[in-house]
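I opened this entry to log what I looked up, step by step. The structure comes first, my notes after.

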Amino acid sequence: MTDTPVPSTATSAPLRILITGSAGFVGSHLVERFLNEGHSVIGVDNYISGQVSNTDLFVGHPRFTFIEADVSHGIPYEGETLDWVMHFASPASPPHYQQFPVETLMVGAQGTQNGLELAHAHGAGFFLASTSEVYGDPHVHPQPETYWGNVNPIGVRSCYDEAKRYAEAITMAYHRSRGVNTRIIRIFNTYGPRMRPDDGRVITNFVHQAMRGEPLTVYGDGSQTRSFQYIDDLVEGISRLMAALYHEPVNLGNPVEFTMLELVEAIEDVLVRRMSVEHRELPQDDPKQRQPDITVAKCVLKWTPQIELKTGLDLMLQRDAANR
Ligand code: NAD
Ligand code: UDP
């Protein structure tokens, strides 16, 4: 087993890192961070929910290569030895994964196994992007990693939730039985620049509706809660976990919890204008509450989120505007 200390990406010698889902929101921020730190990055994506513009940002960079492929069918990488395989490929917004339920299950199952096999063959670390959705509609609040969750196994969200639960299970199995040096994070709602404007997630919907002068679509009565994390905090947590020899899942999220009506108020404050609200039907199995217990991340990674919601929304608006 490769359980020897690993230096952080900020201080290590140049690494070769393969990232699946590199054209997505989170993946593109990881590519940027690792290239800036001097590492070589191989991005892999099939654009099922990503954006070509997120690849174009790095095309021509001497340490970036891109492979267009569906990782559920294999990862066609034949280059030099990898240090890390980071599996971030998966549709992530509820409208996307519900439009592609089979593909979502496949990328969580076969895609994860293909990543683990590649990591095993190269003696590389394997890093899994899991999700707070493994907790389903939680009965324990806030959610610690020890909570096993409350997931409807046949509901409309199950293609995503159960795929990630299986992905965690097979990652732990490769760690325990084949010695792969694995990491698992459970990401809570994360936002920031480069989200696809039509991804249907609440922050993208609200921000773009506000920019177009349309009413904000609040599903249900807006009393359901989420805890929103700015992308830079997530990327910092990921980088720290790569350097920590900790193989159990780690929650990465901002524990400050908002109702959807409070999120409307935050957008109003950032844009300094009042918004009208249009209530729509609450989607099936929509979790009522979500808040990470980040005790493990605080202890193991010495990590806490630094960017509060209104600051993050402001940064998102500025950075997306600068990229247009
Ligand atoms: P995203 O949809 O922006 O990015 C996912 C990327 O994966 C896309 O570019 C998509 O085209 C690619 N992809 C999907 N299936 C693929 C396949 N079979 N082969 C190759 N590429 C494929 O989503 P995101 O928000 O960047 O999420 C990235 C990861 O983080 C996902 O695994 C998601 O489950 C996880 N996550 C994100 C959040 C969040 O709030 N953003 C929360 C929890 C978990
Ligand atoms: N939501 C909303 N209006 C929208 C989109 C989403 O009120 O236009 C709600 C949704 O019902 C959920 C919360 O916002 O309660 C977060 O939804 P999102 O799709 O962003 O993430 P997830 O449900 O996966 O946490």
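**Annotated span**

I started with the span 17-252: its end C-alpha atoms lie 21 Å apart. By content, residues 17-252 are 38% helix and 20% strand. I note that this is a predicted model. The span itself comes from UniProt, where an unreviewed entry lists residues 17-252 as "domain: NAD-dependent epimerase/dehydratase".

**Whole chain**

Next I looked up the protein chain as a whole. I find 10 helices and 13 strands in it. Its C-alpha atoms fill a box of roughly 55 × 45 × 35 Å along the principal axes. I then checked the radius of gyration, which is 19 Å. A compact globule of 324 residues would come out near 20 Å, so the value agrees.

I also looked up burial: 47% of the 324 residues count as buried. For contacts I took pairs at least 6 apart in sequence. Of these, 79% join residues at least 24 apart.

**Around ligand 1**

Which residues come nearest to ligand 1? I find Gly-21, Gly-24, Ser-49, Gly-50 and Ala-92, out of 29 residues around the ligand. H1 gives the largest share, three residues.

Last, I looked up the make-up of the shell around ligand 1. I log 14 nonpolar residues, 13 polar and two charged.

Notes: Residues are numbered from 1 along each chain as its sequence is written. Chains are lettered from A and ligands numbered from 1 in the order in which they are written. This is a predicted model: local features need pLDDT of at least 70, side-chain atom pairs count only at pLDDT 80 or more; totals for chains, interfaces and linings use all residues. Helices (H or I, at least four residues) and strands (E, at least two) are DSSP runs, numbered from the N terminus. The radius of gyration is taken over C-alpha atoms; the globule rule is 2.2 Å times the number of residues to the power 0.38. A residue is buried if 20 or more other C-beta atoms lie within 10 Å of its own, exposed if 12 or fewer, and partly exposed in between; C-beta atoms are placed from the backbone. Two residues are in contact if their C-beta atoms, placed from the backbone, lie within 7 Å. A residue is near a molecule or strand if its C-beta atom, placed from the backbone, lies within 6 Å of it. Ala, Val, Leu, Ile, Met, Phe, Trp, Tyr, Cys and Pro count as nonpolar, Asp, Glu, Lys and Arg as charged, and the others, Gly among them, as polar. UniProt positions are given in the numbering used here, feature names are shortened, and annotations may be inferred rather than shown by experiment.
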